[in-house]
Amino acid sequence: MHAGLILILLIFCIVKGNAQEVFSFTFRETPVEEVLGKIEQQTGYIFSYSPSILHQCSLKTISIKQANLEQVLNLLFKSSNISWEKLGRYIILKQGKRFFIVYGRIYDRGSRERLIGASVYDSRLHVGAATNNYGFYTLIVPEGEVCLNYSYVGYQRASFQFYLKSDTVIHIELKPMLNLDEIVVVQPNIPGWVKNSQPGQVEFPIFTATVIPKLLGESDLLKAVQLFPGVRVGMEGIAGILVRGGNRDENQFLIDDIPLYNANHLLGFFSVFNSDAVKNVNFYKSSFPARYGGHLSSIMDIRLKEGNLQEYHGSFSIGLLSSKFNIEGPIERNRSSFNITARRTYLDLLGAPIYAAINNTKDSKEKIGYNFTDINIKLTRIFSQQNALSLILFYGNDYLKYKKDEKESYYIEPDRTRDYMRGTWGNWGVGLRWDKMISTGLYANTVLSYNQYRAFMNKKYRHENASGDTIRLKKIRFKSGQEEWRLKSDLTWAMKHWSRLYFGGHYIYHVFTPEKRTTLNRIEEEMPSRKLVNYKEYAHELALYLEDKITIQEKWIVHPGIRAILFYVGSTNYFSLEPRFSIQYNWTDHWETKASYTLMSQYIHQLGSSTMNMPTDLWVPVSDNVKPMKSHQCVLGIYYHPCTQWHFSLEGFYKTHNHLLNDYNGVDVTLEYSDWKENVHSGKGHSYGLEWMGQKTGGRTNGWINYTLSRAYRWFPDGSINQGRRFPAKYDSRHMLNLVLLHKFSNFFDISATWTFNNGFYTTQPLERYNTPTHLPGEKGEEKKDIIFHIEKRNNMKTPDYHRLDLGFNFHRRRKHGISTWSINLYNAYCRQNTIELSPDYDSKYGNREERQYFSNDWLFPIIPSFSYTFTF
């Protein structure tokens, strides 16, 4: 009974206490001081404050019934910048901070080109931001004095100091440094975390690709990327990249948000990227933002130049391999612009006559011709500071033609054979992009695009007798490719001074033509055999993503994100939920630590040689049997910036692969070729490593050095390859080292040098062979022996170590209407015979000496001098 009585008294006290905390007020056009006095009379609380903070409060008209004190105070100070706190019977009123958004775009003063990755930094509050891929920035800072510093590599800095009391739009034009040659880089004194808070991201100016030594005088963006840690090349000279143990098809290339499926020319020796058309490159090898997806190993986000809005400028270049030109200028001054770049090789014009002169005889006529072409066009229209529209077009194509007419002259009446082959392959794309500043702090970018990759080959062989009758006829027509329609939208919303939200998604309609092939084989009077392969695959892809960038007390930067993908092909649905997470801690202005975890999925596979880009490589989607590839990657890194010019980093990574396809040699363009689905196997892999890099980015001498220690393995649990045992990946390399040096002696002369080293690559070779009789002992017949090669395991041999030195010399002269540059390059300066393949051979038996096996090194490039001439106006 006593317990029940105590409980009743407690409930009564609580109810009574709560009743005492509920109030009703009505005020009409009443000063805040009087409102506070009335509250003091009814509640017994005492307000403590400085009278000056109430000057911002207007007269109050309030009607409150049955509200507690907290609700009353929140309503009273709702539209003001006053915060309150209860301490016993006192209520302390304080002046709170109001935050406002400073936003706008950063331009080149001369051309009005929007600058990507430019920095804005408040030197007093130590907060900063960088412009996005469209030159737009947002910075949320508290009310009061601000001192904003705007900077970009190669441009003079600008400062803007004012008192911030509302949301403010500031568009800044930065002036290029007049005495700055391309090779000299000036790095502003901006903390590194302002621009990049994610490990594995590399942002480098496009001139990096133009100043390093060139093969045959042709600057190449992908060859510049190969000089960064964790990236290696397959066969020597190939422009493709292999990133952190991944395969060739695991890299995604984007040109202004439009995918590119063939990034190479000349079977991979050159890339399709014309450096004259490129403005900015962001390369990700880990910690992928949630807005990217579809590939496992790397993302290369390439942005094209928009064109000068003020004046007409351009350049043209002539080299040993190709010629190119670039022209840009205003269509309507300050409103619309164009940028057009084109490149074509003349190997067919110069090489074909030389080849014919060497190989043609009285009884044999042989012709060969090859060329490639690139075109990039970008048109931009600025309707207002809030709206801009861009039209993007790119085109790249390879063309190969071969013809041979030969007489069998050792016959009295000679037969004639005719060989003919023509092939063309490449890709093109077109896109319409709308940039929209929706409201203060909310920015949207929407792209509608179409892109296509296609490969075509026509091959014919005819054998005729002296009378012109056909003895044998073979015809093969092959076509492969893929095309896609894409609608993509990305939004950025600066919600708070400590939070920036990224969200959006895309829809893609895929059409795959893995193979369309017609074959004909006819021998004299026999019935001809025909074979037709023709089918298409259709797929739908829907992706949504959400990502946040959270800054905590200027020390922590957290990037949580998630991406959801639905891929529908045939009658099969695949759904994937991909978490992304990265975190950064800034110990001081000079030291940072970063970590990340990423899950990636890939629904498109490239079936082809892991060594070279062949036109017969196939792009195929997932199916019931071919599952999506998956990759988990964890990264931890430490970064040190002792001063404005020196930067050091150390990153460790661990990556797993699931549902990898085996190395597949593409389409064997013969009559006996079988379906690709019969020749693929699914396996697993993992890779891990440590990457160190030191970089200097200012002064007359700059460059970098990096070292990678890594391993990469594959295995196929079903036993289809290597009996299910683990084996090293073909391009697994324990040690990789790159050195890059750029030095400017004067405004008229500069040099560049690169040296690269790696441990070679793995290859599968027969280490044993056996002679086997063709018939059983005791049987009659001619004694013959077959040779059986025994291969114990996959990738059982490693080629010799690879290293190479390249040198470049640039001579500049200022002319009346522009600047002329002569570039002289030495590829493989000390003529290292680097192996591209091993060829097995055997010593014959002599006496009692055992047969000995040896391998000869096949190599491709000796020392290659080249030159090019460029005029910029």
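Predicted model: local features only at pLDDT ≥ 70, side-chain atom pairs only at ≥ 80, totals over all residues.
Residues are classed as buried when their relative accessible area is under 20%, as exposed when it is over 50%, and as partly exposed in between (1.4 Å probe, protein chains only). Residues are numbered from 1 along each chain as its sequence is written, and side-chain values use heavy atoms, with hydrogens and water left out.

Two non-glycine residues with positive phi were examined. Aspartate 257 has a phi of about 75° although it is not a glycine, and, with a relative accessible area of 4%, this residue is buried. Its position is in the loop between S17 and strand S18 (258-260), where strands (E, at least two residues) and helices (H or I, at least four residues) are DSSP runs numbered from the N terminus. Serine 287, likewise not a glycine, has a positive phi of about 50°. This serine is found in the loop between S21 and strand S22 (298-304) and counts as buried at 4% relative accessibility.

Side chains of opposite charge can pair when their charged atoms come close. A salt bridge is defined as a side-chain nitrogen of Lys or Arg within 4 Å of a carboxyl oxygen of Asp or Glu, and by this rule the count comes to 24 salt bridges. In one of them, arginine 580 is joined to glutamate 578, with the closest N and O atoms 2.5 Å apart. Arginine 580 is buried at 4% relative accessibility, and glutamate 578 is buried with a relative accessible area of 1%. Glutamate 592 and lysine 594 form a salt bridge with an N to O distance of 3.8 Å, and both of these residues are buried. A further salt bridge pairs aspartate 732 with arginine 711, the closest N and O atoms being 3.1 Å apart. Because aspartate 732 lies in the loop between strand S42 (727-728) and strand S43 (735-746) and arginine 711 lies in strand S41, the pair ties together parts that are 21 residues apart in sequence. Aspartate 732 is buried, with a relative accessible area of 2%, as is arginine 711, with 13%. Salt bridges that share partners also join Arg114, Asp256, Asp257, Asp301, Arg303, Glu306, Lys378, Arg433, Asp435, Lys488 and Asp490 into one network.

Tyrosine 103 and phenylalanine 136 form a tilted pair, 6.5 Å centre to centre with 55° between the planes. This pair links distant parts of the chain, with tyrosine 103 in strand S6 (residues 99-108) and phenylalanine 136 in strand S9 (residues 136-142), 33 residues apart. Tyrosine 103 is buried at a relative accessible area of 10%, and phenylalanine 136 is buried at 4%. The rings of phenylalanine 253 and phenylalanine 273 have centres 5.9 Å apart and planes at 50°, so this pair is tilted. Phenylalanine 253 belongs to strand S17 (residues 251-255), and phenylalanine 273 to the loop between strand S20 (270-271) and strand S21 (278-284), 20 residues apart. Phenylalanine 253 is buried, with a relative accessible area of 10%, and phenylalanine 273 is buried, with 4%. Ring pairs also link Phe316, Trp822, Phe867, Tyr869 and Phe871 into a cluster.

Surface patches were built from residues with over 30% relative accessible area and no salt bridge, like charges being joined within 9 Å and nonpolar side chains (Val, Leu, Ile, Met, Phe, Trp, Tyr) within 5 Å. Accessible areas come from the Shrake-Rupley method with a 1.4 Å probe, and for residues only the protein chains shown count as cover. Lys and Arg count as positive and Asp and Glu as negative, while His and the chain ends are not counted; the place of a charge is taken as NZ of Lys, CZ of Arg, CG of Asp or CD of Glu. A positive patch is formed by Arg477, Lys479, Lys516 and Lys536. Lysine 479 lies in strand S30 (residues 470-496) and is partly exposed, with a relative accessible area of 42%. A nonpolar patch of about 780 Å² includes Trp587, Trp591 and Ile638. Strand S40 (682-696) and strand S41 (701-715) each supply at least two residues of this nonpolar patch.

Note on methods:
Phe/Tyr/Trp six-rings, centres within 6.5 Å; stacked < 30°, edge-to-face > 60°.
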